[in-house]
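These are my notebook entries on a single protein model.

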Amino acid sequence: MATPTAQDTLAAEFAEHRSHLIGVAYRLTGTRADAEDAVQESWLRLAGLDDAGRAAIRDLRGWLTTVVGRICLDRLKSAAAQRERYVGNWLPEPVVTPFGRPVSEDPLDVAVRDDGLRMAALVVLDKLTPEQRVSFVLHDAFSVPFAEIADALGVSVEAARQHASRGRKALADADPAPRVPLDDQAKILEKFVIALQQGDIRAMTELLAPDVVLIGDSNGKGRTARQLIVGPDKIARFFVGLTRKYAPGMAERGLPVLVNGDLGMYLPPMPGRDGFLALDEHVQSVTIRDGKIVAIYDVVNPDKLTRITRPATGAGPGTRRRR
């Protein structure tokens, strides 16, 4: 058997931290592609160090976390410019996991079990400046010292503290709903789907919070709400109106999935026929507070659905998780 080289040993050590780094990068960027690219780039930077550089690293996990933060900061700044040309609302790239099956050990599937990676929390993080997001996430979520964060941002330690404080305040002010047990989510989502199938607007509105919001993300490449829709009656009527534009059975096509660890629905594409519109592929998820839906996220942009794990057909929206 060949003796492991120093590079082999380094690669093995890096692999031990990969799942953690994927979680850091996804929480910072909100996209799987950027997260994976950032982690790969962090490996290249580590592998490119000479012996003296490697020997100077006292805490490899902390060093890699800071490097990933610096890489993601650059990507966030670039994304901010691109976002100005984005059509409609922007949502994080969803991480879709089959519902009711053995949990995948894919690094990102593992990472989204963290409460801080649910869709509601990532939507709030997206409203922060790149510096606020990096400072807040690295310090509050991963305990990176402010001195290292300041170095990554190229600012003073005090400035790094202020960025984190503003990010922390923004998250507290937005107060994203904490994750609700999946069984409770399933009961509410099932009632909502049944009411939609029956066109029962009253029953739908009873399941929606007074300040409920629907956010659609398509970048002009699919059909969803271009603007925010706020309020139970408007959202209920919007969904019922959609069922009349598509072939009968649209709602029944929805399959239960986990979206960033919360229960959601996957709607496979369906061709148009008999005067009905073609149905785009959708990934939808909800946030629930006090027994009511407070937010509905509808991702239709095909660029954000290229990497999702699609569920097998045959399971309907009323499917319960097997114990």
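I took the domain bounds from an automatic or database domain assignment. The model I examined is predicted: local features need pLDDT of at least 70, side-chain atom pairs count only at pLDDT 80 or more, and totals for chains, interfaces and linings use all residues. Residues are numbered from 1 along each chain as its sequence is written, and side-chain values use heavy atoms, with hydrogens and water left out.

**Entry 1: domains.** I find the protein divided into domain 1 (9-174) and domain 2 (182-304). Taken over C-alpha atoms, the domain centres are separated by 30 Å. I then looked up contacts (heavy atoms within 4.5 Å): 23 residues of domain 1 touch 24 residues of domain 2.

**Entry 2: largest pocket.** A pocket here is an open set of points on a 1 Å grid over the protein atoms alone, where a 1.4 Å probe fits, with protein on both sides within 12 Å along at least five of seven lines; lining residues have an atom within 4 Å of a point. Its volume is the space filled by probe spheres set on the points, which are joined across faces, edges and corners. I note about 650 Å³ for the largest pocket. Its lining has 24 residues, and Val123, Val213, Ile215, Ala295 and Tyr297 are the closest to its centre. Helices (H or I, at least four residues) and strands (E, at least two) are DSSP runs, numbered from the N terminus. On that basis, α6 (119-125), β2 (208-217), β6 (282-289) and β7 (292-299) each give at least two lining residues. I classed Ala, Val, Leu, Ile, Met, Phe, Trp, Tyr, Cys and Pro as nonpolar, Asp, Glu, Lys and Arg as charged, and the others, Gly among them, as polar. The lining then holds 15 nonpolar, 2 polar and 7 charged residues. Where does the largest pocket lie? Both domain 1 and domain 2 give residues to its lining, so the largest pocket lies between them.

**Entry 3: second largest pocket.** I note about 480 Å³ for this one. Of its 20 lining residues, Thr31, Gln82, Tyr86, Trp90 and Lys304 are the closest to the centre. The largest share of the lining, 5 residues, comes from α4. By class I record 5 nonpolar, 6 polar and 9 charged residues.

**Entry 4: helix α1.** At 1.5 Å a residue, the 24 residues of α1 (6-29) should span 34 Å, and the end C-alpha atoms are 32 Å apart, which agrees. The expected span is 1.5 Å times one less than the number of residues. I also record a kink of about 45° in α1, centred on Arg18; the bend is the angle between axes fitted to the seven residues ending there and the seven starting there. Gly30 follows α1 with a positive phi, near 80°.
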